[in-house]
Amino acid sequence: MIARAAIVVPTWNGLRHVGEEGLVACLDGALDQRGVDSEVIVVDNGSDDDTVAWLRRRYPTIEVVALDRNHGFAGGVNAGIRAATERGASMVALLNNDAVPEPDWLARLVAVLDAEPTVGIATCRFLRDDGRIDSTGDRLTTWGLPLPRGRDEPDDGRYDGEAQREIFAASGGATVLRATMLADVGVFDERFFAYYEDVDLAFRARLRGWRVRYEPAAVAHHGLNRTSISMPGFVEHHSLKNLLLLWTKDVPAALLLRHGHRFAVMLAFRTWFTIRQAGPRVAARALLEAARLLPGALADRRRIQRGRTVSPQEIEVLLDHEWRPTTFGGPRPAPASEHRP
């Protein structure tokens, strides 16, 4: 019997970074989803600890896709998406290996996609261990910066209203993707490796007329940043590099002309912030890598912009016009990429 939805859980040295207790909580939660026929696929990104052997011993019914090396969040998830769609899944759920979903999490997100055929991505109320909000979806500001909506705020229902359901993008940490949307716009861009790859996917979907919805009744709990903190400079490097890739590929020319001066300010700020947080070498490597990837991103831009079915004005109304860079502590990366193998 073909499962209607597949839950893809990427991991990299999960026993080391998340721990056995954390992995068990995540995978037991994924297996205990009710109300929709589903299966669980774990993608191991070339772990050098005992994660793969442990998975096969502890969870013999779970399909484990063991990759030869670390392909990043984007590459790891893509391997899971391919495995899911080849097995006939019409929906693919993504779940970080440090996230624990409520038992009706998947069914509530699938119901959103069932009710609205133009919705390609549905995401949940992602809560931290302390009960505060990690994400209720991602915003994209007119400064070109993706931000997690509601991060650090109390979970008091402020985003539960119908007017709050339409969002620009969604966290890759606990989200459901429609397979036909992925066939239309493509999977994650592996050049991103980690950070903002989910915003890039949602942007491409938006340009093709797909919508992104937030369902507050679907809840998952998130233990933040347990892998990335083990790699100094990792977050800063990929966040700076990927902002440039995101802007190059996805922003329509009319919006680049309108907001390009803000993007330039944000690039200077993010470069300065990277230097301050991780040192000048990390910033230089990030900018050099972005420059190396620029020709391919420009080629993709031509294809993406030729294929868009919505106007720049329709994208403009989805942007956050209120956010201002008021502090220099540095914005944290969007929550979709907070935990990266």
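Predicted model: local features only at pLDDT ≥ 70, side-chain atom pairs only at ≥ 80, totals over all residues.
Residues are numbered from 1 along each chain as its sequence is written. Local features need pLDDT of at least 70, side-chain atom pairs count only at pLDDT 80 or more, totals for chains, interfaces and linings use all residues, and side-chain values use heavy atoms, with hydrogens and water left out.

Two packed helices are described by the angle between their axes and the distance between the axes. Helices (DSSP runs of H or I, at least four residues) and strands (E, at least two) are numbered from the N terminus. Axes are lines fitted to C-alpha atoms, for helices over the stretch in contact, with angles from 0 to 180 degrees between N-to-C directions.

Helix α2 (residues 20-31) and helix α3 (residues 51-58) have axes that come within 12 Å and cross at roughly 50 degrees. α2 is therefore oblique to α3 (under 35 degrees is roughly parallel, over 145 roughly antiparallel, 65 to 115 roughly perpendicular and the rest oblique). Contact (heavy atoms within 4.5 Å) involves Glu20, Leu23, Val24 and Leu27 of α2, and Trp54, Leu55 and Arg58 of α3. Five of these residues are nonpolar, none polar and two charged. Here Ala, Val, Leu, Ile, Met, Phe, Trp, Tyr, Cys and Pro count as nonpolar, Asp, Glu, Lys and Arg as charged, and the others, Gly among them, as polar.

The axes of α9 (residues 253-278) and α10 (residues 280-307) come within 9 Å and cross at roughly 150 degrees. The two helices are therefore roughly antiparallel. From α9, Ala253, Leu256, Leu267, Thr271, Thr274, Ile275 and Ala278 take part; they meet Pro280, Val282, Ala283, Leu287 and Arg301 of α10. This contact has nine nonpolar, two polar and one charged residues.

The whole structure holds three cavities of 30 Å³ or more. A cavity is a set of points, on a 1 Å grid over the protein atoms alone, where a 1.4 Å probe fits but cannot get out; lining residues have an atom within 4 Å of a point. Volume is the space filled by probe spheres set on the points, which are joined across faces, edges and corners.

Helix α9 gives the largest share, three residues. Six lining residues are nonpolar, four polar and none charged.

The second largest cavity has about 40 Å³. Among its lining residues are Leu94, Phe188 and Asp198. α7 (197-207) gives the most, three residues. The lining comprises seven nonpolar, two polar and one charged residues.

Methods: 1 Å grid on protein atoms, 1.4 Å probe; cavity = no way out; pocket = protein on both sides within 12 Å on 5 of 7 lines; lining within 4 Å.
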